[in-house]
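Good morning, and thank you for coming.

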Amino acid sequence: MFGSKKSRGPEQDAANSPAYPGQGELYAASSRRRRPFRRAPRWVKAVTAVVSVLLLGVLAFGGYWAWRLQSNISTSELTAGGQRTEGAVNDSTDRLQILVLGSDTRSGNNSQYGTADQSSGYGQSDVMMLLDISADNKHVNVVSFPRDLMVDVPACTDSKTNQAYPEQKSAMINSAMAQAGIGCAVDTVNKLTGLEVDHFMMADFNAVKELSNAVGGVEVCVTAAVNDPDSHLDLPAGKSQVQGDQALAFLRTRHAFANGGDLGRIQAQQAFLASLSRKLKSEGTLGNPQKTLTIADTITKNLTVDSGLSSIPSLLTIANRLKNIDPANINFITTPTVPSPQDPNRLTLDEPAASNFFAALRNSPDLSQPAPAAPTEAPAIPAAPAYDKSLQPISIANGTGVAGRSTAIAGLLSDAGFTKVTKLQAQAQSQTMVYYSAGFEDVAADVAALFGLPATSVQQVANIQGVQLYAGTDFATGTKPAAPPSSADSSGSVVAQTGSDQTCQSANPAGY
């Protein structure tokens with residue numbers, strides 16, 4: 001009918017459409033293949049959305065932590081004007097020396113440990129250790145410098161203020177960074193050891209507390225119960241887990257261990273680090289991402305480094321080198337020292353043991369075995385002195401505590417040709433010294449050599465005439481003063497303990 005419309009069925013469409021080869025079969029097959037693609041956009045979009053959200057979450061998480069850790073780090077200059085002769089090292093493959101410092105500043109979170117006048121400036125290096133990593137990552141040396149060690153601090157310039165500070169003779173090593181900053185401590189260690197430190201890391205009191213909490217405590221051991229009112233260390237005899245304030249007290253106490261001096265404290269610090277390294281190794285802490293991030297966050301929040309270590313990849317490079325080292329190959333060493341002749345509460349280098357140790361350290365990172373003895377040389381024929389010994393004014397101050405001891409010592413001087421000798425009674429002192437007035441340097445050196453005294457026992461003063469041998473209690477008997485006790489191991493090995501050693505600290509009940 002005209003004017004009416006009817007829908008045409010597929011048969012009519014097919015009948016009216018132009019034919020093409022294989023029309024029926026190809027059409028049907030293509031229709032079957034098209035159906036899945038009609039449904040695909042729904043699940044593809046859903047999966048894409050989920051993956052996108054997860055990917056953005058991972059990137060945001062990684063980006064957040066990278067930003068957070070990076071923003072935590074503080075930096076300072078590596079040196080304070082000291083000249084360097086070595087080129088830059090490859091932190092991944094070269095032998096590496098990092099000076100690790102613990103600052104005693106009381107600023108910020110550390111204010112509870114001191115007074116307001118201690119909360120400004122750089123602070124002093126309460127802990128000073130040189131971390132020496134071998135190129136093959138098989139050996140690590142941790143060399144401790146007692147904070148009471150008397151050294152020559154070189155001239156330094158504060159990189160922040162450009163203020164210059166003159167060289168200091170016979171100053172405590174922990175004062176090196178107090179005026180001119182961390183770089184001055186680095187320059188001082190370089191001068192002392194003959195090495196060139198590649199990097200430094202400095203942390204404060206708060207770092208110890210937070211790190212010990214982050215790892216769930218560190219095991220320590222004492223031979224008897226300790227209750228030190230100064231550091232507030234309170235431990236029972238035997239093994240304990242310390243963290244937070246007690247971990248800090250264990251590292252800071254001076255009176256609780258050994259004879260109450262700095263060397264006993266260093267032994268405790270080394271034992272603490274050895275225990276910490278064993279825990280990180282045995283529990284696979286560094287393989288746990290969450291724990292690793294917590295530790296990294298803790299460390300970086302309390303860390304100051306040089307510009308060469310001021311990026312997260314640089315710090316990770318160091319961490320990756322350390323994480324697989326066997327604790328048995330981590331050598332803890334204390335610089336060889338003896339009590340200072342000027343002040344028994346201070347220390348000086350034990351020569352020639354200290355020079356031999358630094359030479360061995362420069363030559364090889366493996367110090368697990370004693371260094372071979374230096375070849376002996378034929379003694380040189382001494383040159384005739386440029387003065388007449390019999391005319392030199394020599395006085396003997398008897399500070400040995402033994403009445404009449406100066407007579408025996410005068411006889412030893414007379415046998416050596418020094419016959420113009422006077423004898424004086426003096427207050428007792430622990431170590432024998434040679435004092436001299438201007439113009440008698442050579443005579444004083446010869447007198448010191450006669451009695452086997454080191455150069456550190458010879459000092460110019462203004463209130464005597466000629467040379468004075470001040471005999472101490474170490475010269476109460478014999479023909480030479482007794483050798484002072486040294487911090488070096490009597491076996492000849494400089495290694496005090498390794499990371500695998502579990503040691504107990506000798507308690508000092510008399511010290512508190």
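Is Cys-221 buried or exposed? Cys-221 is buried, at a relative accessible area of 9%. Here buried stands for under 20% relative accessible area, exposed for over 50%, and partly exposed for what lies in between, using a 1.4 Å probe and protein chains only.

Before I continue, two remarks on the basis of this talk. The model is predicted, so local features need pLDDT of at least 70 and side-chain atom pairs count only at pLDDT 80 or more, while totals for chains, interfaces and linings use all residues. Residues are numbered from 1 along each chain as its sequence is written, and side-chain values use heavy atoms, with hydrogens and water left out.

Let us begin with the disulfides. A disulfide is taken as a pair of cysteine sulfur atoms within 2.5 Å, and by this rule the count is 2. Helices (H or I, at least four residues) and strands (E, at least two) are DSSP runs, numbered from the N terminus.

Cys-221 forms a disulfide with Cys-504, and the two sulfur atoms are 1.6 Å apart. The link is right-handed, with 55 degrees about the S-S bond. Cys-221 belongs to strand E10 (residues 218-222) and Cys-504 to the segment after strand E23 (495-498), so the pair ties together parts that are 283 residues apart in sequence. Cys-504 is partly exposed, with a relative accessible area of 41%.

The other pair is Cys-156 and Cys-184, with sulfur atoms 2.1 Å apart. The torsion about their S-S bond is about 80 degrees, so this disulfide is right-handed. Cys-156 lies in strand E6 (residues 156-157) and Cys-184 in helix H4 (residues 182-193); the pair therefore ties together parts that are 28 residues apart in sequence. Cys-156 is buried at 2% relative accessible area, and Cys-184 is buried at 3%. Counting bonded cysteines along the chain, the pattern is 1-2, 3-4.

I turn now to the backbone. Pro-352 is found in the loop between strand E17 (347-349) and helix H10 (353-363).

Asn-162 has a positive phi of about 65 degrees, although it is not a glycine. Asn-162 sits in the loop between E6 and strand E7 (164-165) and counts as exposed at 61% relative accessibility. His-232, also not a glycine, has a positive phi near 70 degrees. The loop between strand E11 (226-228) and strand E12 (233-235) holds His-232, which is exposed at 57%.

Finally, the sheet. Strands of a sheet pair through backbone hydrogen bonds, either parallel or antiparallel. Two strands are said to pair if DSSP finds at least two bridges between them. An open sheet of 5 strands runs in the order E19-E18-E22-E20-E21, with mixed pairing. Strand E19 (421-425) and strand E21 (458-460) stand at the edges, each with a single partner strand, so one side of each has no neighbour in the sheet.

Strand E18 (residues 394-398) pairs with E19 in the parallel sense over 5 bridges, and Ala-397 has Leu-424 in E19 as its bridge partner. Helix H11 (residues 405-415) packs on the sheet, touching E18, E19 and strand E22 (467-471), where contact means heavy atoms within 4.5 Å. Thank you for your attention.

Notes:
Axes are lines fitted to C-alpha atoms, for helices over the stretch in contact, and angles run from 0 to 180 degrees between N-to-C directions.
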